[in-house]
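The text below goes through both.

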Amino acid sequence: MNRRAALIAASLLIATGPIPLAAAADPTKAWPFKVPDETSIPAGAMGEAIALGRKVVTQTQTYAKAYVGNGLNCSSCHLTGGTVAWAAPFVGLWGVFPEYRSRSASVNALQTRINDCFQRSMNGQALPNDSPEMLGVLSYVWWLSQGVPTGMDVDGRGFRKITAPATPDKAKGKTIYAEKCASCHGAEGGGINNPDGSYLFPALWGPRSFNIGAGMARLNTAAAFVKANMPLGQGGTLSDQEAFDVAAFFTTQPRPDLAGKEDDWRQGGKPKDARY
Ligand code: HEC
Ligand code: HEC
């Protein structure tokens with residue numbers, strides 16, 4: 001350690017006392033998953049931005065209508081407004097971006113990552129970076145990330161990986177779909193709508209679902225999401241094989257294309273389950 005770093009470390013120790021071991025940021029360990037208490041939402045403009053961000057995420061069809069090209073909300077996949085572990089939560093994301101991603105072969109700001117989901121998962125358009133909607137989502141993620149140290153993943157980030165069987169069975173997946181999913185997501189995968197056009201149950205394929213460039217269109221990602229979270233309220237009831245079988249079925253059904261998809265992974269790192 002050089003003299004400057006040693007002095008800073010010493011002054012920090014004087015100011016705060018020794019950092020307790022449990023709180024020392026060890027990048028090899030995940031931070032405990034915790035949704036902050038509602039009462040920690042500040043009053044005033046910041047609180048209003050957080051509230052707008054939560055609405056953009058849970059009622060995207062209403063609060064970011066102009067930027068959406070399908071029938072989904074962010075919370076169709078980021079369950080309960082991004083507050084559920086292993087359902088790609090937003091908790092703790094503030095301090096892990098900017099992050100290098102091999103899909104774009106560049107360092108992505110959190111705004112870029114959010115817009116990726118607008119353009120792919122929502123089959124829509126990018127939000128302007130300084131729009132109230134973007135600032136709202138950023139504020140909401142910031143609030144959900146209180147107390148999580150910079151650079152640390154929370155325990156429950158993304159989806160819990162499951163082991164891929166040698167060969168997922170699409171035909172079996174079709175049967176599982178009919179038995180365990182179609183009652184909510186519809187026999188033709190188009191979901192079930194309320195009379196006002198909003199969804200009661202979201203579409204898994206077809207024009208009202210995510211496009212081919214979305215993370216959910218990848219077999220491993222879809223299988224991991226399904227294993228942990230579906231059928232809704234019965235997460236963990238399918239075997240890994242069944243989760244892969246049903247994911248192999250619905251991810252390969254017709255869905256919107258993504259213009260410019262050939263630019264993905266242009267410097268390598270393409271995962272085996274990429275659709276193109
Ligand atoms: C069809 C499902 C789906 C929808 C709808 C969706 N996303 Fe995502 N989102 C994903 C998947 C899959 C990932 C990648 C998770 C992983 O691989 O760990 C992801 C990742 C993210 C991440 C990065 C998470 C991380 O841990 O790095 C952010 C931020 C995000 N989405 C924001 C949004 C926002 C905002 C919306 C609504 C505009 C949205 N998403 C809609 C499926 C979806
Ligand atoms: C009881 C109704 C119900 C059943 C049964 C069900 N789901 Fe879902 N599913 C939902 C709801 C509701 C959501 C969206 C979550 C929300 O809005 O809170 C969802 C979301 C999803 C999503 C992400 C959003 C999208 O539209 O792509 C996928 C993928 C999914 N379900 C797959 C499945 C699979 C596969 C099965 C069968 C193994 C299944 N679901 C069974 C209700 C159900």
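This is a predicted model: local features need pLDDT of at least 70, side-chain atom pairs count only at pLDDT 80 or more; totals for chains, interfaces and linings use all residues.

Residues are numbered from 1 along each chain as its sequence is written, chains are lettered from A and ligands numbered from 1 in the order in which they are written, and side-chain values use heavy atoms, with hydrogens and water left out.

Around ligand 2 there are 23 residues, of which Cys181, Cys184, His185, Ala203 and Met230 come nearest; a residue is near a molecule if one of its heavy atoms lies within 4 Å of it. By class, the shell holds 19 nonpolar, 3 polar and 1 charged residues, where Ala, Val, Leu, Ile, Met, Phe, Trp, Tyr, Cys and Pro count as nonpolar, Asp, Glu, Lys and Arg as charged, and the others, Gly among them, as polar.

Polar contacts are pairs of N or O atoms within 3.5 Å; within protein, one must be able to donate a hydrogen and the other to accept it, and residues adjacent in sequence count only if both atoms are side-chain atoms. A polar side-chain atom of His185 is 2.8 Å from a nitrogen atom of ligand 2. Tyr199 places a polar side-chain atom 2.7 Å from an oxygen atom of the ligand, and for Ala203 a polar backbone atom lies 2.7 Å from an oxygen atom of ligand 2.
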